[in-house]
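These are my notebook entries on a single structure, set down in the order in which I looked things up.

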Amino acid sequence: MIERNPGQTFALTTPLYYVNDVPHIGSAYTTIVADVIARWKRLEGNSVLFITGTDEHGQKIERTATARGLQPQEHCDRIVTAYFDLWEKLNIRFDRFSRTTSPRHRAIVNEFFERVWRAGDIYLDRQQGWYCVACEEFKEKRELLDDGCCPIHTNLKAEWRDEENYFFRLSKYQSRLEELYRQNPEFIQPESRRNEVIGFVDRGLQDFSISRVNVAWGFPVPDDPAHTIYVWFDALLGYVTALLEPDEEPTLENALARWWPINLHLIGKDILRFHAIYWPAMLMSAGLSLPDRVFGHGFLTKDGRKMGKSTGNTLDPFDLVARYGQSAVRYYFVKEIEFGQDGDFNETRFVNILNADLANDLGNLLNRTLGMVKKYCQNTPPRLTGEDVPPENTLKVIGVELAKTVTREYNSLHFNRVCEEIFALIRAGNKFIDDSAPWSLFKQKQQAEVELVLYSVLESIRLSAYLLSPIIPTLSGKIYQQLGFSIDFDDPVSVDRAAPLDEHGRWGLPTNQQLGIPEPIFSKLELPLNDS
Ligand code: MSP
């Protein structure tokens, strides 16, 4: 049985991206994956809140705006439109977009700050150390490279700071954090990141500064406006502000009423410490419950090399989507990278994978099968259901188990395995046609056999399209349409009403008698001519 979860809520977040520049492929990657999860959870029948947004304060943004001759807010307002634009191009269906410069966010930050203050966890002290403005983080001397840059931003030297700051008493939460990791092994994933965090905490936690005196671009510290609140303290709370209904009064109580605690924070591995150590400690201090899970994914490289403007090795998501389309981009990153591990982009591999999987295996299978229905069945799909197919039919054997397996893999965030499992059915469909040769059966006048073969294949394509819909919703919609169903996979209400998982996740539905117009769902991609 495939279970649905009506009435259950699921809230998930991407990081709130810095607006120092237009979105890069790393932000696109996390957001695509978050969108896949959100769509999957909706398919399961959950009420889902998918949160993304932008992190707009701090020295990095302030300096970028100045360099461009803009007021910081004006700069943020310009860059943020590029995020909206890219998410639309990538067919991302977020529910909330949290901007940390919004007035309602300020109210939430103030209230939270005051709670932590009342808990006795904020004090004034002197901060000395090396600061990487690009990370917006103090670094230990031993973490820096020989030239004084941090390993992530190798073209920017860390700067020496010596100033009075407010500190958060992180050290007080050492044992409670240790207990959290022990009792909730799922809290940080994957396992390797969990070990990394535990190792870091084992070395002993130090309090960290949560205010700045030399940065104007931030919220003032309540009762001490000479300081602004440290960008990370402010940014993490953007997740809470996002939970408010659009017209609701911005109070913590309102924000936490429906969706808290958040079920899943998706982040890149470089910002693990903030999410897996600082954030839970801040929440403990404010007396709030903790998120269920923080998942730190890996980094993308291009052609095996680190990406970066300084090296010229970049991959522009706008360009990629313009050249190859959103389905291709979504599919490649989800299928090709083991979520949690580092992954590589290579254009030749990209084109080959898409042509092999989407154009050939899936697209051609649909096309040739519909062609045979036209030729051998007067364009009327066989009036059969799964019950009519013998239990040893290879496609039925795989098909009846598929939704269960795929559910497990989606929920464990093993998206590459989701694709492998579904494509195993699709490939079996191609082989099944070749092996059973409906054209010969037709010549031998074995019409019932022809119909069994074509039904089994059409049903396998339908099920595959359905289970792939969180990843390639547009293509799944096209396939469904050609099979005679009008389901808009971009509209969760329509899916829930007309194609719920417990029904459409089963192999063996009766075919639709009215087929749509057959046309290729995915045109073969071509590599650009090498002009170098
Ligand atoms: N503003 C903070 C997050 C605050 S969350 C409350 C931030 N923003 S960011 O824009 O710099 O980074 C956003 C995400 O992009 C991070 O999860 C980071 O890990 C990810 N990536 C940056 N470069 C990346 C790759 N090359 N590959 C994959 N993800 C990468 O950090």
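**Entry 1. The ligand and its shell**

I began with the ligand in this predicted model. Which of the 20 residues around the ligand come nearest? I noted Leu16, Asp55, Gly268, Asp270 and Leu300.

I then looked up atom distances for three of these residues. An N or O atom in the side chain of Asp270 is 2.3 Å from an oxygen atom of the ligand. For Gly268 it is a backbone N or O atom that lies 2.9 Å from an oxygen atom of the ligand. Leu300 also uses a backbone N or O atom, 2.8 Å from a nitrogen atom of the ligand. On its own the ligand has 670 Å² of accessible area, and the protein covers 91% of it.

Next I asked which elements give two or more residues to the shell around the ligand. They are strand E1 (9-18), helix H7 (231-236) and strand E12 (264-268). E1 gives the most, with four residues. I also recorded the shell by class: twelve residues are nonpolar, six are polar and two are charged.

**Entry 2. Aromatic rings**

How many aromatic pairs does the count come to? I recorded 39 aromatic pairs, taking ring centres within 6.5 Å as the rule.

I then located the two residues in the chain. Phe208 is in strand E8 (residues 208-209) and Tyr278 is in helix H10 (residues 272-285), so the pair links distant parts of the chain, 70 residues apart. Phe208 is buried at 8% relative accessibility, and Tyr278 is buried at 13%.

I also noted one aromatic cluster, whose members include Tyr29, Trp40, Phe295, Tyr324 and Phe415.

**Entry 3. Helix H18**

I turned to helix H18 (residues 473-482) and asked how many of its ten residues are buried. Seven of the ten are buried, and the helix is mostly covered. I listed the buried residues as Pro473, Leu475, Ser476, Gly477, Ile479, Tyr480 and Gln482.

What covers these buried residues? The cover includes helix H1 (25-43), helix H12 (326-336), helix H13 (347-376), helix H17 (447-468) and helix H20 (501-504). Just after H18 I found Gly484, which takes a positive phi of about 95°.

Pro317 is found in helix H11 (residues 317-324). Is Pro317 buried or exposed? Its relative accessible area is 4%, so Pro317 is buried, the cut-off being under 20%. Leaving aside neighbours within four places in sequence, Pro317 is in contact with Pro23, His24, Ile25, Ala28 and Leu86. I also recorded the separation of Pro317 from His75: 242 residues in sequence, and 21 Å in space from C-alpha to C-alpha.

Asn416 is found in helix H15 (residues 415-436). With a relative accessible area of 13%, Asn416 is buried as well. Not counting residues up to four places away in sequence, Asn416 touches Val334, Lys335, Ile337 and Glu338.

**Entry 4. Backbone exceptions**

Most residues other than glycine have a negative phi, and most peptide bonds are trans. I therefore looked for places that depart from this pattern.

Where are the cis peptide bonds that I recorded? One runs from Gln189 to Pro190, with omega near -10°. Pro190 lies in the loop between strand E7 (188-189) and helix H6 (191-202). Another cis peptide bond joins Trp260 and Pro261, with omega about -5°. Pro261 is placed in the loop between helix H9 (252-256) and E12.

Asn91 is not a glycine, yet it has a positive phi of about 60°. Asn91 sits in the loop between helix H3 (72-89) and strand E3 (96-99), and it is buried at a relative accessible area of 8%. Asn379, also not a glycine, has a positive phi of about 60°. I found Asn379 in the loop between H13 and helix H14 (394-411). At 39% relative accessibility, Asn379 counts as partly exposed.

Methods:
Residues numbered from 1 in each chain as written. Predicted model: local features only at pLDDT ≥ 70, side-chain atom pairs only at ≥ 80, totals over all residues. Heavy atoms only, no water. Near = heavy atom within 4 Å. Polar contact = N/O pair within 3.5 Å; in protein donor to acceptor, adjacent residues only side chain to side chain. Areas by Shrake-Rupley, 256 points an atom, 1.4 Å probe, with all protein chains shown as cover. Nonpolar A, V, L, I, M, F, W, Y, C, P; charged D, E, K, R; others polar. Buried < 20%, exposed > 50% of the residue type's maximum accessible area, 1.4 Å probe, protein only. Contact = heavy atoms within 4.5 Å. Phe/Tyr/Trp six-rings, centres within 6.5 Å; stacked < 30°, edge-to-face > 60°.
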